[in-house]
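Here is a short briefing to read alongside the model. Have the structure open while you go through it.

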Amino acid sequence: MTNDAETRQEPRAAPAQDPAPTSAPPLRSADIVIIGSGMGGGTLAYALRDLGARVLVLERGDYLPQEPQNWDPWAVFRDKRYKPRELWRDGDGRLYRPGVYYWVGGNTKMFGAALTRFRREDFGALAHHDGESPAWPLTYDELEAYYCTAEDLYRVHGHLGGDPTEPPHSRDYPYPPLPHEPAIRALSARLSDQGLHPFHLPMGIDYRPGGTCV
Ligand SMILES: Cc1cc2nc3c(=O)[nH]c(=O)nc-3n(C[C@H](O)[C@H](O)[C@H](O)COP(=O)(O)OP(=O)(O)OC[C@H]3O[C@@H](n4cnc5c(N)ncnc54)[C@H](O)[C@@H]3O)c2cc1C
């Protein structure tokens, strides 16, 4: 992160975050402290909920305000209303606006909710254009059951068998795929007619009747 002077170069105001503390916060103790309430920290806290340990989630951001601009792509993407007003430096020292969000829920407050699994070969050593990705100490097969648990938790809507690159699943997604918009349905049909394999992205949204996603 950069110093205050660089931070102030950002022109537009986002909702207030990280206000200066007015008094010392109360002392708390915990058995396990999780820093950050994003997809990683939030999921870990949920998994630990019945352990009997006192789990504290430390989150620097506030709750994202629910307001009309949540649904306004100009406010979200052009004006970057919900991004922190800070600049980072890349490896060459150039300043850039990082793609992060500091809110309870972390980046998941803004993410696209496409919850694809890693491929089996992603867990081994992989040569990429920019270098080699070393092998994980875990294999896909060891994690497969946990993917199923996570897909239940995140109510993933998808269809097994549509994506020819998908790794083996021990069972289908817990919810059916989201219906295509008419234009996408037509495009998908045209691609299939050419022998291609368009498929529904697995989406982690609460699309059930009475669900919480709009
Ligand atoms: C616009 C966008 C779209 C995306 N779409 C997808 C998608 O469709 N599918 C997908 O799989 N991924 C997507 N991603 C990526 C995905 O959102 C992230 O990989 C994922 O949310 C990272 O989770 P995380 O818990 O590691 O970190 P984050 O979600 O970044 O959470 C980190 C949390 O830690 C907090 N924090 C940071 N520093 C401190 C500190 N010092 N003290 C206390 N708290 C701190 C932050 O405020 C934040 O809440 C998208 C990301 C963006 C930005």
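Helix 2 (residues 39-47) contributes the most to the shell around the ligand, giving three residues. Helices are DSSP runs of H or I with at least four residues, strands are runs of E with at least two, and both are numbered from the N terminus. Please keep in mind that this is a predicted model, where local features need pLDDT of at least 70, side-chain atom pairs count only at pLDDT 80 or more, and totals for chains, interfaces and linings use all residues. Residue numbers start from 1 along each chain as its sequence is written.

**Around the ligand**
- The ligand is surrounded by 24 residues, and the closest are Gly36, Gly38, Gly40, Gly106 and Gly112; a residue is near if its C-beta atom, placed from the backbone, lies within 6 Å.
- The shell has eleven nonpolar, eleven polar and two charged residues. Ala, Val, Leu, Ile, Met, Phe, Trp, Tyr, Cys and Pro count as nonpolar, Asp, Glu, Lys and Arg as charged, and the others, Gly among them, as polar.

**Strands 1 and 2**
- Strand 1 (residues 32-35) and strand 2 (residues 55-58) run parallel, joined by four bridges; pairing takes at least two DSSP bridges.
- Ile34 has Val57 as its bridge partner in strand 2.
- From strand 1 the chain passes through helix 2 to strand 2 in a right-handed β-α-β crossover, meaning a clockwise path from the first strand over the helix to the second with the strands pointing away from the viewer.

**A look at Val33**
- Val33 sits in strand 1 and touches Leu56 and Leu58, leaving aside residues up to four places away in sequence; contact means C-beta atoms, placed from the backbone, within 7 Å.
- Val33 counts as exposed because it has 12 C-beta neighbours inside 10 Å; the cut-off for exposed is 12 or fewer, for buried 20 or more, with partly exposed in between.
- The C-alpha atoms of Val33 and Ala45 are 9.2 Å apart, with the two residues twelve places apart along the chain.

Terms used: Contact = placed C-beta atoms within 7 Å.
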